[in-house]
Amino acid sequence: MALLRLAHAGIRLGTRVVYLRYVVASVIALGTDVALFLLLIGANTPPTAASVIGYSAGILVHWLLSSRAVFTEARANTQGGQHRQPMLFLLSALLGLALTALIVAAGGWLGLDPRLAKLLAIIVSFQAVWLLRRHIVFAR
């Protein structure tokens, strides 16, 4: 029984470590996303387009970090998996992108400051994409 509790505690700790690495990777990717977003709206790019471009750059940064530093044990090594995993990652990112664009656009329709709408989009898309990546994209 003690061994089972110890194993369960190890699994929880492992999940927390992966989540922490995912948060760090997300912060770096988010920095890329938001910096580009702010640069583009400062250059009078429409907010929805700026959010899509920024998020797309963040996707690339996140893939590089996630596949090499976050989900290291679950990275695909087979030929089929090496194509499937990036495609699933991209699909999860596109869901996050769609959520981001929808929330920023809805914020614009409601007259919200684009930065506030982007912040709300960050929170919603982060949780949705984390769940997809942990349970589907990088599932063991």
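The lining of the largest pocket in this predicted model divides into 12 nonpolar, 5 polar and 3 charged residues; Ala, Val, Leu, Ile, Met, Phe, Trp, Tyr, Cys and Pro count as nonpolar, Asp, Glu, Lys and Arg as charged, and the others, Gly among them, as polar. A pocket is an open set of points on a 1 Å grid over the protein atoms alone, where a 1.4 Å probe fits, with protein on both sides within 12 Å along at least five of seven lines; lining residues have an atom within 4 Å of a point. The largest pocket holds about 330 Å³ of space, the volume being that filled by probe spheres set on the points, which are joined across faces, edges and corners. Among its 20 lining residues, Ser26, Leu30, Tyr55, His62 and Phe126 are the closest to the centre. Helices H1 (2-42), H2 (47-70) and H4 each supply at least two lining residues, and H4 gives the largest share, 8 residues. Helices are DSSP runs (H or I, at least four residues), numbered from the N terminus.

Asn44 lies in the loop between H1 and H2. Its phi is near 65°, a positive value in a residue other than glycine. Asn44 is exposed, at 70% relative accessibility, whereas Leu112 is partly exposed, at 36% (exposed is over 50%, buried under 20%, partly exposed in between; 1.4 Å probe, protein chains only). Leu112 is placed in the loop between helix H3 (79-109) and helix H4 (114-137).

Residues are numbered from 1 along each chain as its sequence is written. Local features need pLDDT of at least 70, side-chain atom pairs count only at pLDDT 80 or more, and totals for chains, interfaces and linings use all residues, while side-chain values use heavy atoms, without hydrogens and water.
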